[in-house]
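Q: I would like to learn how to read a protein model. Can we go through it feature by feature?

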Amino acid sequence: MENGVVESDTNAKVMLQGFAMIIFSEIGDKTFLIAAILAMRHPRAVVFAGAFGSLVVMSILSAALGHVLPTLIPKTWTQLAAAVLFFVFGAKMFQEGREMEAGNAKIQEEMREAEEEIEEDEAAADGTGSVAQNGQVIPLEEIEEGGRARSFSKETNGHARSRSLSKTRSGSKSALSDLADGARNFFSLLLGPVFVQAFILTFLGEWGDRSQIATIALGAAHNVYVVALSTIIGHACCTALAVVGGRYVSTKISVKHVTLGASVLFILFGFIYLYEAFMSGSDHVIAPDHDDPSDLLH
């Protein structure tokens with residue numbers, strides 16, 4: 001019974017760690033802003049379903065990948081690796097936070113980048129706009145504004161040719177790209193283009209992100225189901241906030257303060273996992289060969 005109580009307390013701590021890690025990592029992040037922008041253009045419920053569905057898949061995959069690691073290397077080493085990752089992320093975020101200016105200038109820059117990604121994705125999906133020789137999509141809006149079209153002309157020394165995506169698809173795309181386009185069209189027909197757009201943009205934005213790597217680290221050190229559940233709940237809260245009032249929230253929060261708070265949290269997690277790795281290693285070193293002292297008489 002005592003072991004059950006200890007395990008319950010551990011699971012509760014893991015739930016809190018996973019939830020806090022997602023909240024501090026994702027609020028004001030690019031995927032947060034993508035969901036906010038899409039929700040202003042399309043039905044909120046559909047955007048939430050697409051973005052959250054992508055994050056659920058990402059959380060399960062990341063936690064499962066972390067769960068596999070202890071079968072390849074000892075748990076003590078996975079805890080040490082998790083500690084190192086959290087220390088590195090914490091230090092990097094602290095440095096980024098110190099270099100940021102106070103206010104919401106940084107998040108406005110992130111907002112513009114998110115809008116550009118959405119416009120590029122929409123141009124690639126519906127076949128509008130132009131494509132550069134290097135495959136970069138230029139939305140018609142930017143060509144009309146003269147924004148990226150001018151830089152595109154400089155890069156190609158005035159010899160670039162604007163080609164419509166519909167013409168480009170006829171011969172220059174690889175079989176893999178055609179397969180990806182076909183799969184997207186199929187799921188757009190099945191689930192709706194807005195759902196697919198929110199799903200794809202969120203998945204690509206989260207892949208390789210520090211929150212994904214941190215989820216892998218948590219999955220390697222703790223119960224995979226608890227880790228997956230805690231991160232899914234955190235993503236649900238962040239995505240709901242982004243869809244309901246992301247634009248308003250982005251004007252009120254300071255990315256500098258959020259980043260510094262996240263850095264402190266990650267460094268704290270690093271110390272926790274370093275302590276757990278030390279205690280786990282100590283248990284293996286001092287553990288007696290005989291559980292019962294009377295066994296020594298035999």
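Q: What is the mean pLDDT of the protein chain, and which elements have the lowest and highest values?
A: pLDDT is the predictor's confidence in each residue, from 0 to 100. Where pLDDT is low, the predicted coordinates should not be read in detail. The mean for the protein chain is 74, and 66% of its residues reach 70 or more. Among the elements, helix H7 (residues 148-155) has the lowest mean, 43, while helix H3 (residues 44-72) has the highest, 89.

Q: Where does pLDDT stay under 50?
A: One stretch is residues 148-170, for which the model has 42 contacts beyond four places in sequence; a contact means heavy atoms within 4.5 Å. Another is residues 293-298, with two such contacts.

Q: How many helices and strands does the protein chain have?
A: Helices (H or I, at least four residues) and strands (E, at least two) are DSSP runs, numbered from the N terminus. The protein chain has 13 helices and three strands.

Q: Which residues does the UniProt annotation "transmembrane region" cover?
A: UniProt positions are given in the numbering used here, feature names are shortened, and annotations may be inferred rather than shown by experiment. In the unreviewed UniProt entry, the annotation covers residues 15-38, 45-65, 77-94, 186-204, 224-245 and 257-275. In the model, residues 15-38 are 88% helix and 0% strand, with end C-alpha atoms 30 Å apart. Residues 77-94 are 100% helix and 0% strand, and their end C-alpha atoms are 25 Å apart.

Q: What span should helix H4 have, and what is the distance between its end C-alpha atoms?
A: The expected span of a helix is 1.5 Å times one less than its number of residues. The 25 residues of H4 (residues 75-99) should therefore span 36 Å, and the end C-alpha atoms are 36 Å apart, which agrees.

Q: What share of the protein chain is buried, and which residues of H4 are buried?
A: Buried means under 20% relative accessible area, exposed over 50%, and partly exposed in between (1.4 Å probe, protein chains only). Buried residues make up 40% of the 298 residues in the protein chain. In H4 the buried residues include Thr76, Ala82, Phe86, Phe89 and Met93. Phe86 counts as buried because its relative accessible area is 1%.

Q: How many aromatic pairs are there?
A: A pair of aromatic rings is described by the distance of the centres and the angle of the planes. Rings of Phe, Tyr and Trp (its six-membered ring) pair if their centres lie within 6.5 Å; planes under 30 degrees apart count as stacked, over 60 as edge-to-face and the rest as tilted. The count is nine aromatic pairs. One of them joins Phe86 and Phe266, edge-to-face, at 5.5 Å centre to centre with 65 degrees between the planes. This pair links distant parts of the chain, with Phe86 in H4 and Phe266 in helix H13 (residues 255-286), 180 residues apart.

Q: What kind of pair do Phe86 and Tyr273 form?
A: Phe86 and Tyr273 are stacked, at 5.6 Å centre to centre with 5 degrees between the planes. Tyr273 is also in H13, and 187 residues separate the two. Tyr273 is buried because its relative accessibility is 0%. Ring pairs link Phe86, Phe89, Phe266, Phe269 and Tyr273 into a cluster.

Q: Is helix H11 largely enclosed or exposed?
A: In H11 (residues 210-221), 10 of the 12 residues are buried, so the helix is largely enclosed by the rest of the structure.

Note on methods
Residues are numbered from 1 along each chain as its sequence is written. This is a predicted model: local features need pLDDT of at least 70, side-chain atom pairs count only at pLDDT 80 or more; totals for chains, interfaces and linings use all residues. Side-chain values use heavy atoms; hydrogens and water are left out.
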